[in-house]
Amino acid sequence: MPNLVNLEHVSKAYGVRPLLSDVSLGVAAGERVGIVGRNGDGKTTLLQVLTGQEPPDDGRVSTTRGLHVGYLHQGDTLDDTHSVRDAVLAGRPDHVWAAEPATREVVTELLAGVELDRAVVGLSGGERRRCALAELLLREHDLLVLDEPTNHLDVEAVAWLAAHLAALPSALVVVTHDRWFLDAVCERTWEVHDGLVDSYDGGYAAYVLAKAERQRQSAAAEVRRRNLARKELAWLRRGPPARTSKPKFRIEAAEALIGDEPAPRDRLELQRFAAQRLGKDVIDVEDVDLVRGDRTLLSRATWRLGPGDRVGLVGVNGSGKSSVLALLDGTLAPAAGRVKRGRTVSLQHLTQTLDVLDPEDRVLPTIESIQRVTRTATGEITATAMLERFGFTGDKLTARIGDLSGGERRRFQLLRLLLSEPNVLLLDEPTNDLDIETLTVLEDFLDDWPGTLVVVSHDRYFLERVTDVVYGLLDDGRVSLLPGGVDEYLQRRSGTSPPPRGELSAAEAPGEVPLRVRETPTSARVRGSAQERAARKTLARVEKRLEQVAAREAELNAEVLAHAADHERLTALSARLAELADERDRLEGEWLEAAEGLEV
């Protein structure tokens, strides 16, 4: 079967910089291709040439006769004079479009909270983006070309979009930095770099494996990039305890490459270092009411963050995630209750708004004015080395801040924040405008960063990669622990999982110490069966033991703080804490299995 689109020896340059050099590739009917590469390397240009938006400088682009292409670019073509109903639904009234299941699903998932009779001109950037995506998905196409389709979508909407696209018969080409999305949707990956396009079979996980293997065999890549790929491969294989499904690629092919790769981070060592910097108290949210406008986001909520906690916070757009971060950093006061911060807390907050800086300032002097050397748990890093790790090399080191692109300014903002050596870090959508390579560098840095971390992100891969436990805002006024991570959040949102099991502190979460309050799931099931009785008995036994483990861990942690200078004692205490951590992980898994046994 011929390809839908073919590029034959295509070249494209802007100014003196070649973005595509003698590229030949094609997209077959039903094929699903993900495109990755650093910002500015030509991903969007490739899409524009592929769809005929831009002509090539050399070579030829050919398509099959009558090909219908749907293209979601980073802007939109919505008419500001139209209403949302006109722009997305061609003016159809509610009773007409709602009678079509496929249309109803798209509108329900992507346009929730958007008034259909509202004018397009008044929509926010995120609302316009979702309207443009909905309008595209409601039409039939032979080929869908999507440029960053997950922007402005929350975790729940990203999961829905992945499932929806996977079920479509049309071919798909997508540019995105969302690695979970790439794995969920794509069967082939194109990497754009240095004017070339390399093709790999499989989604993101398979691409990382194949690329690292090519690098190992050729010995042509620099050591830093190869080590980053090794660490990421080990992560992909291992995954966090709460992750119920891992990317599928040929494990046997990766054994030689990642067999001796340690865990991404030494959690016990980082927690010990964090405790030395922070003490026992970090941030305590006690009986807090949080109100924004006429909405109550939190109601008598209690949440505690301890030294070294790594927490992810999820919720639908508008659920109050950014407001909770503002509550933690003190810029937003509670309507009731109190937020108590430790005396040694040095907090930095990466917001979604870019910093206002003097456009005439230069990159390197600005960074060095903050800190010439920063410390991590494994050593010291110079400001210049940090800039290079985050992609500021050559002329970029002396570039004017006003000349930086949006993605570069985001990286610069993040660097300024990290170099100030905070011991509490709040990150609000840190993956915005960052390419995959920069994300892996950030993840690698955070692996050695000793402090308390709270991350709000719709990037599921990043969230699971850098945090140990996930909490959710489920519109019930609480900050609810999700032992099953993002998967459990999606299940609760869809109504297919047990109700909340109680509030607890980050320090008491799986991966740290066990739950303080656990309520037996009460979803509909066949009551009185032998299976139910056995599951309840297991829950009671495991919960009792978890309480004992929690008490013992608390005692040992107190001893660690009391004997911080006694290295022999610390070694013994660390060994015992590691044993308890292993037992806790086993018990948590047993508890989750028993809880699942109580579901219908």
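**Notebook: helices, sheets and rings**

I began with helix α6, where 10 of the 13 residues are buried, so α6 is largely enclosed by the rest of the structure. I note at once that this is a predicted model.

**Entry: α6.** I looked up which residues of the helix are buried. They are Val155, Glu156, Ala157, Val158, Ala159, Trp160, Leu161, Ala162, His164 and Leu165. Then I checked the length. Helix α6 covers residues 155-167 and reaches 19 Å from its first C-alpha to its last. That is close to the 18 Å expected at 1.5 Å a residue.

**Entry: the three-stranded sheet.** In what order do the three strands of the open sheet lie? I read β11-β10-β13, with antiparallel pairing. The edges are β11 (295-305) and β13 (336-341), and each of these pairs on one side only. Neighbouring strands here are turned by 25° against each other on average, direction ignored. I followed one pairing further. Strand β10 (residues 283-292) meets β13 in the antiparallel sense over five bridges. For Val285, the bridge partner in β13 is Val339.

**Entry: α12 and Ser323.** Next I asked what lies across β10, β11 and β13. It is α12, which runs at about 130° to β10. Ser323 has its place in α12, which spans residues 321-329. Is Ser323 buried or exposed? It is buried: its relative accessible area is 12%, and the cut-off for buried is under 20%. I also listed the contacts of Ser323. Leaving aside residues up to four places away in sequence, Ser323 touches Leu290, Arg292, Leu297 and Leu332.

**Entry: the six-stranded sheet.** I moved on to an open sheet of six strands. Its order is β14-β17-β18-β12-β19-β20, and its pairing is mixed. The edge strands are β14 (347-350) and β20 (480-482), each pairing on one side only. From one strand to the next, the twist averages 20°. I looked at the β14 edge in detail. Strands β14 and β17 (residues 424-428) run parallel and are joined by four bridges. Gln348 has Leu425 in β17 as its bridge partner.

**Entry: aromatic rings.** How many aromatic pairs does the structure hold? I find five. One of them is Tyr200 with Tyr207, edge-to-face, at 5.1 Å centre to centre and 75° between the planes. Tyr200 and Tyr207 are both buried. Another pair is Tyr204 with Tyr461, also edge-to-face, at 5.8 Å centre to centre and 85° between the planes. Why did I stop at this pair? Tyr204 lies in helix α8 (residues 204-218) and Tyr461 in helix α17 (residues 460-466), so the pair ties together parts that are 257 residues apart in sequence. Tyr204 and Tyr461 are buried as well.

**Entry: a charge over a ring.** Last, I checked Phe392. The charged end of Arg411 sits over the ring of Phe392, 5.2 Å from the ring centre.

Key:
Residues are numbered from 1 along each chain as its sequence is written. This is a predicted model: local features need pLDDT of at least 70, side-chain atom pairs count only at pLDDT 80 or more; totals for chains, interfaces and linings use all residues. Side-chain values use heavy atoms; hydrogens and water are left out. Rings of Phe, Tyr and Trp (its six-membered ring) pair if their centres lie within 6.5 Å; planes under 30 degrees apart count as stacked, over 60 as edge-to-face and the rest as tilted. Buried means under 20% relative accessible area, exposed over 50%, partly exposed in between (1.4 Å probe, protein chains only). Helices (H or I, at least four residues) and strands (E, at least two) are DSSP runs, numbered from the N terminus. A charge sits over a ring if NZ of Lys or CZ of Arg is within 6 Å of the ring centre and within 35 degrees of the ring normal. The expected span of a helix is 1.5 Å times one less than its number of residues. Contact means heavy atoms within 4.5 Å. Two strands pair if DSSP finds at least two bridges between them. Axes are lines fitted to C-alpha atoms, for helices over the stretch in contact, and angles run from 0 to 180 degrees between N-to-C directions.
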